[in-house]
Amino acid sequence: MLRPGERRPTDESSQGNDESSMGKGTGKGKESEADKTWKELTTTRMVDFSLGLFLEEEICDVISKAFKNMGDYEQSLNQSMSYIRHTPLLLDLELKKTNQARDPQVQLAIWLAAAYMKRKHHEWDTSFPMPGLVVNGHDWKFYIAFERENGLILIGPQPFGSTADIAGTWEILYRLNILIRWGIGKYQEWFNKHILGWAREQGSEP
């Protein structure tokens, strides 16, 4: 099952307090420079929408148990700190707003980089690709990020369709369907093996 949602993460735990919650309860001491960068990316460089997997209650319990001894900021399956922090995100979408100078491609790239840093932080598998979409008016463009030589490469833009006509709209729907099938197939297999498997191991430790 899939869960769509709007992404506007906020760090509710740090409001009125400049002290970061990273590393609290972990015995890791002060947060590293990498952690500070990751936190800045996720609180100020969000995308507009994401599509993620809906997890059964039993799976949520396994994940909560794995995170129980970690800092508040670490207790997330993705690079967000909002209400979707326990949703595995398989597709991110950034909109180009009217009268906004911010480049949506840059915004998407930063968001995907934060996801990559999140995976590295927990030592999760980083080889699995991360797709994204940028919508500018009628035009939809496709991007994909993947690891190469211990860094992140972003490929795109590739035409995805256009809502300017019926044919282009059907192209978007057809390609979204392909991504959804990939999400509930290959992506879920990867999640079950590398992240849920990690969570089960963490939860079994005393």
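The legends below describe several close-up views of one predicted protein chain.

This is a predicted model, in which local features need pLDDT of at least 70 and side-chain atom pairs count only at pLDDT 80 or more, while totals for chains, interfaces and linings use all residues. Residues are numbered from 1 along each chain as its sequence is written, and side-chain values use heavy atoms, with hydrogens and water left out.

**View 1. The chain and its elements.** The secondary structure comes to four helices and six strands, where helices (H or I, at least four residues) and strands (E, at least two) are DSSP runs numbered from the N terminus. Read from the N terminus on, the elements follow the order β-α-β-α-β-α-β-β-β-α. Of the 206 residues, 42% count as buried, a word that here stands for under 20% relative accessible area, with exposed meaning over 50% and partly exposed in between (1.4 Å probe, protein chains only). Among contacts (heavy atoms within 4.5 Å) between residues at least 6 apart in sequence, 65% join residues at least 24 apart.

**View 2. The largest nonpolar core.** A nonpolar core is a set of buried Ala, Val, Leu, Ile, Met, Phe, Trp, Tyr and Cys residues joined through side-chain atoms within 4.5 Å, and the largest one in this chain has 29 residues, with I63, L77 and F191 having the most contacts inside it. At least two residues of this core come from each of β2 (49–53), α2 (57–67), β3 (89–95), β4 (130–136), β5 (139–148) and α4 (166–204), and the largest share, nine residues, is supplied by α4. Apart from this core lies another, of eight residues, including L108, Y116, M130 and V134. Leaving aside neighbours within four places in sequence, L77 is in contact with a set of residues that includes I63, F67, W124, F191 and I195.

View 3. An α-helix has 3.6 residues a turn, so residues three or four places apart point the same way.

**View 4. P131 in strand β4.** P131 has its place in strand β4 and is buried, with a relative accessible area of 5%. Not counting residues up to four places away in sequence, P131 touches L90, L91, D92, L112, F142, Y143, I144 and W182. P131 and L93 are 38 residues apart in sequence, and their C-alpha atoms are 9.1 Å apart in space.

**View 5. E123 in a loop.** The loop between α3 (104–121) and β4 holds E123, which has a positive phi of about 60° although it is not a glycine. With a relative accessibility of 72%, E123 counts as exposed.

**View 6. A cis peptide bond at P157.** The peptide bond from G156 to P157 is cis, with omega near 5°, and P157 lies in strand β6 (residues 151–162).
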